[in-house]
Amino acid sequence: MMLFDDTEIFSSGCGGRKIFDAPDTDLLLIDNFFNKEESDHYYNFLLHTTQWREYEMPMYDKVVTAPRMIAWYGDTNRPERKSNPDWPSELLVIRDRVEQETRIQFNAVLLNLYRNGGDGVGWHSDKTSSSNKNMNIASVTFGETRMFRLRHKVLKHMPPIEIPLHHGTFLLMAGNTNTWWEHQVPKTARPVLPRINLTFRQVREI
């Protein structure tokens with residue numbers, strides 16, 4: 001048991017606003033998008049009140065339990081998504097801030113809980129059906145800093161983009177980014193505290 005609040009040792013980042021210069025991408029990073037006090041509050045609220053669940057996913061010729069926990073809120077009638085229409089007020093406030101920044105409206109959010117360094121996600125592009133031709137994904141991180149990596153699907157000579165996502169950081173993957181790039185959060189052998197990531201999305205309602 002820790003003798004102090006976990007949030008005291010979370011790094012908020014100091015990189016400011018950055019637009020990445022890379023082909024086939026529209027990628028915006030804002031460190032300290034939520035200040036330390038706000039980030040601490042949302043981290044503690046989401047960690048302790050969200051109904052986190054494990055889920056199974058196909059891997060090669062078998063089905064395995066994903067190395068992270070999830071929750072999903074969405075203004076959608078698609079029952080297979082197990083959507084919860086009752087968004088907590090804190091999630092609505094976060095969504096409002098994201099929509100003000102992006103001028104994009106989002107109707108769903110996937111919450112991921114990375115409990116420790118053994119949790120992660122491998123290389124992939126998000127498959128969520130979008131209401132637009134190009135999927136816009138707005139990501140907010142609270143908790144432990146973890147590395148977020150992107151690699152181009154076709155231009156194999158390009159080095160991966162590596163972005164440390166800090167406590168309170170915002171990342172927008174817009175335009176063609178999800179079409180031409182894959183991303184991952186690699187596992188780590190370092191002892192790390194939990195990380196919560198929210199990815200706001202635009203999904204078809206029917």
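Me: How do strand 9 and strand 10 pair, and over how many bridges?
Reply: This is a predicted model. In it, strand 9 and strand 10 pair in the antiparallel sense, over 5 bridges. Strand 10 covers residues 161–165.

Me: Which residue of strand 10 does Met147 stand opposite?
Reply: Met147 stands opposite Pro164.

Me: And what joins strand 9 to strand 12?
Reply: 4 bridges do. These two strands also run antiparallel. Strand 12 is residues 181–185. Leu150 stands opposite His183 there.

Me: Which residues of strand 9 are on its covered face, and which on the uncovered one?
Reply: Arg146, Phe148, Leu150 and His152 make up the covered face. Met147, Arg149 and Arg151 are on the uncovered face. So Leu150, opposite His183, belongs to the covered face, by the burial terms used here.

Me: New topic. Where does His166 lie?
Reply: His166 is in the loop between strand 10 and strand 11. Strand 11 spans 170–174.

Me: Is His166 buried or exposed?
Reply: Buried. Its relative accessibility is 14%, and buried means under 20%.

Me: What does His166 touch?
Reply: Leaving out residues up to four places away in sequence, His166 touches Ser11, Ser12, Gly13, Asp31, Thr141 and Thr145.

Me: Which of them has a side chain in polar contact with the His166 side chain?
Reply: Thr145, at 2.9 Å.

Me: How many residues apart are His166 and Ile30 along the chain?
Reply: 136 residues. Yet their C-alpha atoms are separated by 9.9 Å.

Technical notes: Residues numbered from 1 in each chain as written. Predicted model: local features only at pLDDT ≥ 70, side-chain atom pairs only at ≥ 80, totals over all residues. Heavy atoms only, no water. Buried < 20%, exposed > 50% of the residue type's maximum accessible area, 1.4 Å probe, protein only. Pairing = 2+ DSSP bridges. Contact = heavy atoms within 4.5 Å. Polar contact = N/O pair within 3.5 Å; in protein donor to acceptor, adjacent residues only side chain to side chain.
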